[in-house]
Each structure stands twice: as structure tokens, then as C-alpha cells.
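Look the model over and pick a residue to start from. Then follow the questions below.

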Amino acid sequence: MTAHKPGDPLTINRLYGRAKGKPLRAGQQALIDSLLPQIAVPAEGPVTALALFGRDCPLHFEIGFGGGEHMAGRADMLPDHGFIGAEPFLNGVAQALVHVDGGRGSDGSATGMPIRNVRIHHGDALEVLARVPDGALSFVYLLHPDPWPKARHAKRRMMNDGPVELIARKLKAGGEFRFGTDHPVYLRHALMVMRRHTARFDWLAQSPADFQKRPGGWPETRYEAKARAQGHEVWYFRYRRTAAPA
């Protein structure tokens, strides 16, 4: 398979990028071994609030949660909601588990309360998203995805027609798709893609300030903080799922 195969992440059916980085610390590995199996998304079957949390509740889905800062922050804000996160990078999963476990101080002691309303998939987000019933999600997040800046790699970008169409099917009418990036190439590409989906999404922006300033209730990720430290501008986009035609 080559990078020149036509399509996008839905049709290429392959994950790109690193699966693992530096060796995990002992505490992180312990969470991978003990906590992850307890809160992992089941490998088969419909991905529903009842199946994951034993109750009906609003569902959020984060595609590629990085280190889990945003996912854990949102879940802590909204304890009555259910959060699903998918990430292929093992080190990111390990860091997210630290947040979900309540965090640890330098002496290894807990610094906060465990977050109970998060479920994690270590692997392909699209495979899990496809198993969510249509119209079941209240929020979908795609924050600082790998930009794949070279033109020949554009089909690897998560912001492409196939994934956007899938997201549209899984969101309920009035649900929200949030996208964030600090990469100008990806920004232009994403805007181009979303312009092809105006029948499915309303862009919730009235002025440039609406996408140049992080909205309230949008926790900062480590990637955003790093981008700002490097002097990059960051853009924030909110799209509301329109009602299906009668």
C-alpha cells in the first residue's frame, strides 16, 4: 500500500504514525495492565451509553486524545455524561490513564479523585466510531490531529470527506463537532472539506474572535500549549449538526 492510494482514512483502512514512544514508567505500565482493561471499549458489539456506562446519558467521542488532558477535563466538568476516547499511541493512552486515575504527585500519591465516566480504546478511532449507533453522540472532538502537511499525504488526514460523513451520521441533530489546529496547511484543508458538508453542519462562528479564541469549557491540550509556546496561532472550530431533511 502506498501513500498515493486514492481515498481517505475511511477507505485506506490503515493507521499511520507511531504506535509507541519512550519506555513507560512503572506507574504508567501498571495502569495499562490494571486500569485499562477495566475501562476499555469492548472489542465487539454496538458502542452505546448503556453498554459502556450501564445507563442512558449524553455521549462524547474524542478522536486521537493525545495525552488525555482535554478528555479528562471535559469528563470532570460533566460527570453525568459519558466520554469515549480513542488513541493509537500507547504513551498517550498511558498518560490519559494517569488523568483518569486522578493524577499522581511526585511521591506517587493520588492528587485527585478518579474519573469514572471515561472509556478508552487503544487503537483506531474510526473502527469504534463506526460501531456507535447513528445519532447517538452529543459531541465529537478532533483536536490537533497530525497535519500530514505534504500534499501527497493529504489522504491520511482525519479531516477528510469519509470521516466527516461518518461523524455526521453519529451525531444527533444539534450535536457538536469541535476541531482545533495550529497548523495553517491543515486549517485550509479542513475549511475546504467542511465547505463540502454545509448541508450537515452549521459553522458556529459569527466573527473571527469565535475561532481565534478558545471557547469556555474547552480544556487546553498539551499540543495547544506547546504550539503557543512556539509562537503558533491556534484556531478553534465548532460545528452544529443540522437536522436531517424531513
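**A walk through the fold**

Visitor: Is alanine 168 buried or exposed?
Guide: The relative accessible area of alanine 168 is 1%. Buried means under 20%, exposed over 50%, and partly exposed in between (1.4 Å probe, protein chains only). So alanine 168 is buried.

Visitor: What kind of model is this?
Guide: Residues are numbered from 1 along each chain as its sequence is written, and side-chain values use heavy atoms, leaving out hydrogens and water. Local features need pLDDT of at least 70, side-chain atom pairs count only at pLDDT 80 or more, totals for chains, interfaces and linings use all residues, and the model is predicted.

Visitor: Which residues does alanine 168 contact, leaving aside neighbours within four places in sequence?
Guide: Alanine 168 sits in helix H7 (residues 161-170). Phenylalanine 201 is 33 residues away along the chain, yet the two C-alpha atoms are 7.8 Å apart. Contact means heavy atoms within 4.5 Å. With those neighbours left aside, the contacts of alanine 168 are Arg200, Phe201 and Arg241.

Visitor: How many helices and strands does the protein have?
Guide: Helices (H or I, at least four residues) and strands (E, at least two) are DSSP runs, numbered from the N terminus. In this protein, the count is 10 helices and seven strands.

Visitor: What is the order of the strands in the sheet?
Guide: Two strands pair if DSSP finds at least two bridges between them. The sheet is open, its pairing is mixed, and its seven strands run in the order S3-S2-S1-S4-S5-S7-S6.

Visitor: Which strands are at the edges?
Guide: An edge strand here pairs on one side only. That picks out strand S3 (118-122) and strand S6 (201-203).

Visitor: What angle does H8 make with S7?
Guide: Axes are lines fitted to C-alpha atoms, for helices over the stretch in contact, and angles run from 0 to 180 degrees between N-to-C directions. Neighbouring strands of the sheet are turned by 20° on average, direction ignored. H8 packs on this sheet and touches strand S5 (171-181), S6 and strand S7 (235-241). The direction of H8 makes with that of S7 an angle of about 15°.

Visitor: Which residue of S7 is the bridge partner of glutamate 176?
Guide: S5 and S7 pair antiparallel over six bridges. S6 also runs antiparallel to S7, with three bridges, and aspartate 202 stands opposite arginine 240 there. In S7, glutamate 176 has as its bridge partner arginine 240.

Visitor: Why is S7 described as largely enclosed?
Guide: S7 has seven residues, and its surroundings are the rest of the structure. S7 is largely enclosed because five of the seven are buried.

Visitor: How are the rings of phenylalanine 139 and tyrosine 141 arranged?
Guide: Rings of Phe, Tyr and Trp (its six-membered ring) pair if their centres lie within 6.5 Å; planes under 30 degrees apart count as stacked, over 60 as edge-to-face and the rest as tilted. That rule gives 12 aromatic pairs. The centres of these two rings are 5.8 Å apart and the planes lie at 10°, so the pair of phenylalanine 139 and tyrosine 141 is stacked.

Visitor: With which side chain does the side chain of glutamate 69 make a polar contact?
Guide: Glutamate 69 lies in helix H4 (residues 69-77), and counts as buried at 18% relative accessibility. A polar contact is a pair of N or O atoms within 3.5 Å; within protein, one must be able to donate a hydrogen and the other to accept it, and residues adjacent in sequence count only if both atoms are side-chain atoms. At 2.6 Å, the partner of the glutamate 69 side chain is that of arginine 222.
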